[in-house]
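This note is written for a colleague meeting the structure for the first time. Please read the points below alongside the sequence and the model.

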Amino acid sequence: MMYRLRQFLYGRYITYGSDLLSKVLIFTCLALAIANLFLRLVFVQLIEYALVVYFVYRLMSKNISKRQNENQKLLNFINKLKGKKEFAERKQKERQTHIYKTCPFCSVTLRLKRIKGEHNVICPRCKNSFKVTVKR
Ligand SMILES: [Zn+2]
């Protein structure tokens with residue numbers, strides 16, 4: 001019996017341990033289930049079922065690299081959000097001393113010293129120049 005179970009699970013994603021996407025799926029499902037105790041909405045229940053089906057499908061999948069890619073996409077998304085948050089915090093912290101301007105040619109964000117007046121800025125990436133006016 002144990003041998004058969006082991007043979008069934010061999011090479012499936014479940015044997016690689018749980019990843020973040022699995023945890024997110026199951027906790028989202030739990031949160032929806034708890035919320036739906038009060039809401040009692042059919043479509044929320046359908047979403048729960050879909051999440052459970054996807055959760056089990058991922059665990060039983062033998063396409064390990066594809067499952068790992070899905071998890072990596074989630075990690076990349078979270079890192080992108082963290083990066084945006086850190087940038088916003090830095091921008092807020094330095095708002096007395098620096099301004100941030102977007103290059104009109106290549107769209108890169110430039111960090112410039114806050115010096116009152118009109119300046120000619122040369123973008124370090126695309127080498128184009130544009131005018132920036134700092135009012136205060
Ligand atoms: Zn540029």
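1. Basis of the model. The model is predicted, so local features are given where pLDDT is at least 70 and side-chain atom pairs count only at pLDDT 80 or more, whereas totals for chains, interfaces and linings use all residues. Residues are numbered from 1 along each chain as its sequence is written, and side-chain values use heavy atoms, with hydrogens and water left out.

2. Domains. The protein is divided into domain 1 (1-93) and domain 2 (94-136), with bounds that come from an automatic or database domain assignment. The C-alpha centres of domain 1 and domain 2 lie 42 Å apart. Five residues from domain 1 and five residues from domain 2 make the contact, where contact means heavy atoms within 4.5 Å. Between them the two domains bury about 540 Å², with 52% of that area on carbon and sulfur atoms; buried area is the accessible area (1.4 Å probe) that two parts lose on being put together, summed over both.

3. The zinc site. Which residues hold the zinc ion as protein donors? They are Cys 103, Cys 106, Cys 123 and Cys 126, each through SG, at 2.2 to 2.3 Å from the ion. Donors are N, O and S atoms within 2.8 Å of the metal (3.2 Å for Na, K and Ca); water is not among the atoms, so sites may look incomplete. The spacing of the donor residues in sequence is C-x2-C-x16-C-x2-C. Cys 103 lies in the loop between strand E1 (98-102) and E2, and Cys 126 in the loop between strand E3 (117-122) and E4, so this pair ties together parts that are 23 residues apart in sequence. Helices (H or I, at least four residues) and strands (E, at least two) are DSSP runs, numbered from the N terminus.

4. Geometry of the zinc site. The angles among the four donor atoms are 104 to 115°, and the site is tetrahedral; four donors count as tetrahedral if all angles lie between 85 and 135 degrees. For four tetrahedral donors the ideal angle at a metal is 109.5 degrees.

5. Cys 103 counts as buried, at 2% relative accessibility, while Cys 126 counts as partly exposed, at 25%. Buried means under 20% relative accessible area, exposed over 50%, and partly exposed in between (1.4 Å probe, protein chains only). Leaving aside neighbours within four places in sequence, Cys 103 is in contact with Val 108, Cys 123, Cys 126 and Phe 130.

6. Nonpolar cores. The largest nonpolar core has nine residues, including Ile 99, Cys 103, Leu 110, Cys 123 and Phe 130. Strand E2 (109-113) and strand E4 (129-134) each supply at least two residues of this core, and the largest share, three residues, comes from E4. Another core, of seven residues, lies apart from it, with Leu 21, Leu 25, Leu 51 and Phe 55 among them. A nonpolar core is a set of buried Ala, Val, Leu, Ile, Met, Phe, Trp, Tyr and Cys residues joined through side-chain atoms within 4.5 Å.

7. Leu 21 and Arg 58. Leu 21 is in helix H2 (residues 20-39) and counts as buried at 12% relative accessibility. Not counting residues up to four places away in sequence, Leu 21 touches Tyr 54, Arg 58, Glu 70, Asn 71 and Leu 74. Arg 58 is found in helix H3 and is buried, with a relative accessible area of 0%.

8. Val 44. Helix H3 (residues 42-60) also holds Val 44, which counts as buried at 7% relative accessibility. Beyond its neighbours within four places in sequence, Val 44 is in contact with Leu 32 and Asn 36. The C-alpha atoms of Val 44 and Leu 32 are separated by 6.9 Å, although these residues are 12 residues apart along the chain.

9. Positive phi values. Most residues other than glycine have a negative phi. Ser 107, in the loop between E1 and E2, has a positive phi near 65° and counts as exposed at 54% relative accessibility. Lys 127, in the loop between E3 and E4, likewise has a positive phi near 65° and counts as exposed at 60%.

Key. Four donors count as tetrahedral if all angles lie between 85 and 135 degrees; four count as square planar and six as octahedral if opposite donors are over 155 degrees apart and all others between 65 and 115; anything else is irregular.
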